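Student: I am new to this structure and would like to learn how to read it. Please take me through a few features.

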Amino acid sequence: MRGFEPIAWIFQALTGIAMVFLITAHFLTTHANHEMLSYENAVSRLGSFEYKVFYFFLLLFVTFHAFNGLRAIILDTDGGMRRKKVVNAVISVIALVAFFYGAFLLSRF
Amino acid sequence: MRLLIRRFDEKSYWQSFEVPVKRGMTVLDALFYVRENLDPTLAFRASCRMGICGSCAVKINGKPRLACETQISKFKKEIKVEPIDNFKVIRDLVTEFEGFFAKHKKVKPYLIAEADYENPVEWLQTPKELSRYYVFSLCIKCGACASVCPASATLNGYLGPAALVSAYRFNEDSRDNGKEERLKIVSDSVGVWRCHSAMECSEVCPKQIEPAKAIQLLRRSLLR
């Protein structure tokens, strides 16, 4: 493998496939009945170790997929490709901040 | 038959011509009829008239095709002819191909091998070895694939489907030793990773080469 691009491409595909299953599971969990979305149920669900692990991976995959997708869209333009290093750095920083903030919120339950 | 041509001479405009239809007549014949009988200033490219040079690729009723291989009888009342997209228009239907060929040149589209020109010998190849790349060697560099590629539309530097097809064609040739050099070139940030698999290139290729497949196969080589 050569550089970051092939890794980014393969992980974009893998996280996409993983998200199909994880988001389906998320919807089934939260929309099985109206009670599942109540505050008490949401807090108790997020308090359990299994759901924390589940949402941690969902957060990880969604963050990577979304920000790598955004990076690809920007690099598809002449202006974006000219500033490739800046684009990569800025997107990486925003993605990391978003991920750690999400993980922090998850840890609070 | 009404022939609507998108012309360009400093500014772009549509011009309509009435062309008499004969059996077996192609869009290229109609363009020649217009130039010889109605408007000698009409500019378009053509050479072989038999679908092997790729010069006459134009957009016909919204789809890039070879004018010499498109029968007029395919259409009912009107034919709209425009220059292909994603290329700078020089005049009327003539577009700038310099960048397209420069990208093609970048991927080293020739055999890279040690050869003794003093004592030349035949480079033997089995039919099985030939079949690995044969279909991709049929590319006529007409530019139809690049004209519909969304990545080529937004990023000038992107190598594009035609150049990547050439890279794959030579990489799979059993007589070639330049695979690593080419893989390095196509794995660059303006290479195969910019393709988003819209597959339009395969849809419009007049030689049914499937450039999108060549790009996927190049990716597979790079991921190994």
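This is a predicted model: local features need pLDDT of at least 70, side-chain atom pairs count only at pLDDT 80 or more; totals for chains, interfaces and linings use all residues.

**Reading backbone and packing**

Tutor: Arg49(B) counts as partly exposed because it has 17 C-beta neighbours inside 10 Å. Residues are numbered from 1 along each chain as its sequence is written, and chains are lettered from A and ligands numbered from 1 in the order in which they are written.

Student: Where does Arg49(B) lie?

Tutor: Helices (H or I, at least four residues) and strands (E, at least two) are DSSP runs, numbered from the N terminus. Arg49(B) sits in the loop that runs between helix H1 (27-38) and strand E3 (57-60) of chain B. Its phi is near 60°, a positive value in a residue other than glycine.

Student: Which loop holds Lys108(B)?

Tutor: The loop between helix H2 (98-106) and helix H3 (127-131) of chain B holds Lys108(B). Lys108(B) is not a glycine either, yet has a positive phi of about 55°.

Student: In what sense do E3(B) and E4(B) pair?

Tutor: Two strands pair if DSSP finds at least two bridges between them. Here E3(B) and strand E4 (residues 63-66) of chain B pair in the antiparallel sense, over 4 bridges. One bridge joins Ile60(B) to Lys63(B) in E4(B). The two strands form a hairpin with 2 residues between them, and Asn61(B) in the turn has a positive phi of about 45°.

Student: At what angle do H1 and H3 of chain A pack?

Tutor: Axes are lines fitted to C-alpha atoms, for helices over the stretch in contact, and angles run from 0 to 180 degrees between N-to-C directions. Helix H1 (residues 4-31) and helix H3 (residues 49-75) of chain A pack at about 135°, with axes 9 Å apart. H1(A) and H3(A) are therefore oblique to each other; angles under 35 degrees count as roughly parallel, over 145 as roughly antiparallel, 65 to 115 as roughly perpendicular and the rest as oblique.

Student: How much of chain B is buried?

Tutor: Of the 224 residues in chain B, 41% are buried. Chain B has 9 helices and 7 strands, and its C-alpha atoms fill a box of roughly 55 × 40 × 30 Å along the principal axes.

Technical notes:
A residue is buried if 20 or more other C-beta atoms lie within 10 Å of its own, exposed if 12 or fewer, and partly exposed in between; C-beta atoms are placed from the backbone.
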